[in-house]
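Please read the briefing below with the structure open beside it.

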Amino acid sequence: MSDPRERSDSRERPDLRDRPPVLRITEIGEPILHGPCRPAGEQDYGSEELAQLIDSMFATMYVADGCGLAANQVDVDLRLFVYDCRDDDGVRHIGHLLNPVVEPQTAGRPLIEEPEGCLSVPGAGTPALARPARAVVRGYDRHGHPRTVEATGYFARCLQHETDHLDGQLYVDRLARRERKDVLRQTADRREEVFARRAAATGRLDWTGPAEECAASCRCRRLDPTA
């Protein structure tokens with residue numbers, strides 16, 4: 001998910017570790033974005049491959065100046081997203097979720113209309129899309145431990161947007177036909193400019209390691225599986 005709000009935090013960090021690969025972000029129209037993703041299973045939890053994917057997704061999200069990124073947005077068929085998003089009170093939330101499920105909303109829930117964009121629809125956005133003002137999302141961390149994330153305001157919007165991705169739905173699918181045409185026209189006009197900006201940001205991004213650290217004894221990040 002792209003974030004149209006002004007940022008106060010820098011995405012450039014002291015270079016303390018080798019940066020993971022920055023991945024190509026898939027675009028609207030590619031099949032992987034338009035179908036449900038594979039649920040994570042026992043073969044995924046705790047693996048070095050999953051840890052490395054999460055690291056690369058964070059790096060890719062920062063380069064693209066996003067606040068959330070789903071695995072199918074980097075051409076990986078897995079129910080996983082990462083996020084680094086401030087809520088409406090300015091509190092920063094950083095994390096990831098596997099197999100996320102948004103709890104059903106009660107009837108008469110309050111909705112908020114706010115701008116929304118997507119890294120897979122580059123350079124475009126809608127000025128107002130209605131979503132619930134609060135969300136509770138349940139899922140698992142990289143080791144298979146249950147996690148529950150409660151969110152309000154823009155952070156709630158981010159979590160719902162990313163969960164939609166894993167169900168094969170983009171925010172443009174929620175728009176009226178005229179609004180959708182306008183968004184697609186925007187991205188056709190601006191995508192090359194966005195790609196150039198991301199390429200420049202890739203060269204500037206430094207990396208201190210993952211936003212979320214495991215314990216030193218954890219095997220999921222060891223490059224030497226015999227260590």
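The points that follow describe a predicted model, taking up the sheet, the helices and the confidence in turn.

**The sheet**
- An open sheet is built from 5 strands, arranged in the order E1-E2-E3-E6-E7 with antiparallel pairing.
- Strand E1 (68–70) and strand E7 (146–152) are the edge strands, each of them pairing on one side only, and from one strand to the next the twist averages 30 degrees.
- Strand E2 (residues 80–86) and strand E3 (residues 92–102) run antiparallel and are joined by 7 bridges; within this pairing, Val-82 has His-96 of E3 as its bridge partner.

**Helices on the sheet**
- Helix H1 (residues 48–63) lies across E1, E2 and E3, and runs at about 40 degrees to E2.
- Helix H2 (residues 153–166) also packs on the sheet, where it touches E1, E2, E3, strand E6 (134–140) and E7, and its direction makes about 165 degrees with that of E2.

**Confidence**
- The average pLDDT of the chain is 88, and 85% of the residues score at least 70.
- Among the elements of the chain, the mean pLDDT is lowest for strand E4 (residues 111–117), at 94, and highest for E1, at 98.
- Residues 8–16 have a pLDDT below 50, although this stretch has 22 contacts in the model beyond near neighbours in sequence.
- Over residues 222–227 the pLDDT likewise stays under 50, and the model has 9 contacts for them beyond four places in sequence.
- Where pLDDT is low, the predicted coordinates should not be read in detail.

Definitions and conventions: Residues numbered from 1 in each chain as written. Predicted model: local features only at pLDDT ≥ 70, side-chain atom pairs only at ≥ 80, totals over all residues. Heavy atoms only, no water. Pairing = 2+ DSSP bridges. Helix = DSSP H or I, 4+ residues; strand = E, 2+ residues; numbered from the N terminus. Axes fitted to C-alpha atoms, helices over the stretch in contact; angles between N-to-C directions. Contact = heavy atoms within 4.5 Å. pLDDT = per-residue confidence, 0-100.
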